[in-house]
Amino acid sequence: MNRNEQLKKLNEEQIWDIVIIGGGANGLGVAVDSASRGFKTVLFEAVDFAKGTSSRSTKLVHGGVRYLEQGNIALVIEALQERGIMAQNAAHLVKNESFIIPNYNWWGGLFYTIGLKFYDLLAGKLSLGSSKFLSKKQTIAQIPSIEQKGLRSGVLYHDGQFDDSRLAINLAQTAIEQGACVLNHFKVIQLLKNNKKQIIGVKVIDQETQIEYTIKCKAVINATGVFTNAIMKMNDAVYKKYIIPSQGIHLVFDKSFLPGDNALMIPKTSDGRVLFAVPWHNKIVVGTTDTLVKKTDIEPIALEEEIQFVLETAQRYLTKKPTRADVLSVFAGLRPLSVPGKKEQNTKEVSRSHKIIISKTGLISVTGGKWTTYRKIAEDTVNRTIEVHKLPKRKSDTKRLSIHGNKANSSADFENHLLVYGTDADAILELQKDEHELTEKLHPNYEYTLAEVVWAIRHEMAITVEDILARRVRLLFLDARAAIESSRKVAYLLAKELGYDETWIQNQLVDFKAVANGFLLKEFRLP
């Protein structure tokens, strides 16, 4: 996964089978599926892999207890099956997590026990473990920091947890290993059409060098998530909105607010939404919200009312009450929800399942979906592309395809930060041995070392401070202030590895601080 090698590959190919726009969960999944079927595949990501929604999830690989309650059984069955497949193919990144639902009324225990037994049943042989009813005493033993006043009982169930942007990087590596050409910081600026108004290629610009390339291909897949409408506009002057963005935010706190290994799931908050508090990389991630927003922004910012809602809900259920001063990081993501025929106001009514849209020009757009089902979405998308563009019929084999880094018989352990690298962890330790100065810590409060930064530059196509601190090493999502404090070390290492000067370093530091300030509550932002 080296930028120069990928650029060389881009220049060698005359006509590609499939061009993919977008390097998030759906785009990368499509690249892996397409390349593994033997199609000549190239993917362009305008910023960085998982820069948008795909790095800002609740970090869950789940069937969706909420969808079960809504009666969407088909989506739950599909997601539970995909959860099991992901746990097998990316064992270094998927963790079996136990969740506790606390009940404060007499019927909750019975209701959720029955519902979750059904959830277990739907998972079949891919189940992660049996759910069980807990008495009040057992619930307190499992989550000592739970609010005990009015507590009646609890229910324990199992679901998956993962590291979203690390999976995105590993999918990019897997696609490359399967023969794809994958490039970040490459923006599609035009869709090329023939005289029959059919798409025959794209014009792209390398954001690093400003060099433009004309790429010829048989099919173009638009997997740009919340930016789908922008590509649709490029495709056709007259277009309708295919997606509406819904914002979800998460607050990150110290582990002391929810000690132990269990996650907390609140099935009905004051406004009827689901809220999770999940241990992740030795912190607690609490969210999420569901707020329709008008504007699609590359760097969405949490709204004050969303922050307040998450804080108040956490305070209601935890004995150690988190305050604004305890928020280490706040991150907002935009979900690309498919718009059905009529116009809805309520995001809970908008479809969560994916849709594949075929335009008259031959453009194939995939919208909606969620991380858990990325593999199935990709398979469906490539199947449809083969059909529409009359490509050779080849079957998908991604159900059995191991993702880069996958370590058999391992289970993700987010306490040991190197385990998320899977089979690459040994090479990082080797790097520390060979270049001793790389054993230095990135930040005194965290275990990350400079070796991980160098690894990200040499082997994971990171070219900016943000690429590293947000999506290779997850420090920006865990502790935004610590990330800002670490940015100088990262910028100097990048400059040394990639041959940049002092001006570039200073620009990078300014750019990174601007982004990182959005991860801090307004009163704690740095000048």
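## A salt bridge at the surface

Let's start with Asp297, which pairs with Lys295 in a salt bridge whose closest N and O atoms are 3.1 Å apart. Here a salt bridge is a side-chain nitrogen of Lys or Arg within 4 Å of a carboxyl oxygen of Asp or Glu. Lys295 is exposed at 58% relative accessible area, while Asp297 is partly exposed at 29%. (Buried means under 20% relative accessible area, exposed over 50%, partly exposed in between, with a 1.4 Å probe and protein chains only.)

This is a predicted model, where local features need pLDDT of at least 70 and side-chain atom pairs count only at pLDDT 80 or more, though totals for chains, interfaces and linings use all residues. Residues are numbered from 1 along each chain, and side-chain values use heavy atoms, leaving out hydrogens and water.

## Bridges across the chain

The salt bridge count comes to 32. One of them joins Arg474 to Asp164, with 2.8 Å between the closest N and O atoms. These partners sit 310 residues apart, Asp164 being in helix H7 and Arg474 in the loop between helices H13 and H14. (Helices are DSSP runs of H or I with at least four residues, strands are E runs of at least two, and both are numbered from the N terminus.) Arg474 is buried at 2% relative accessible area, and Asp164 is buried too, at 0%.

Glu523 and Arg324 also meet in a salt bridge, at 2.7 Å from N to O. Glu523 follows helix H16 and Arg324 lies in the loop between helix H9 and strand S16, so the pair ties together parts 199 residues apart in sequence.
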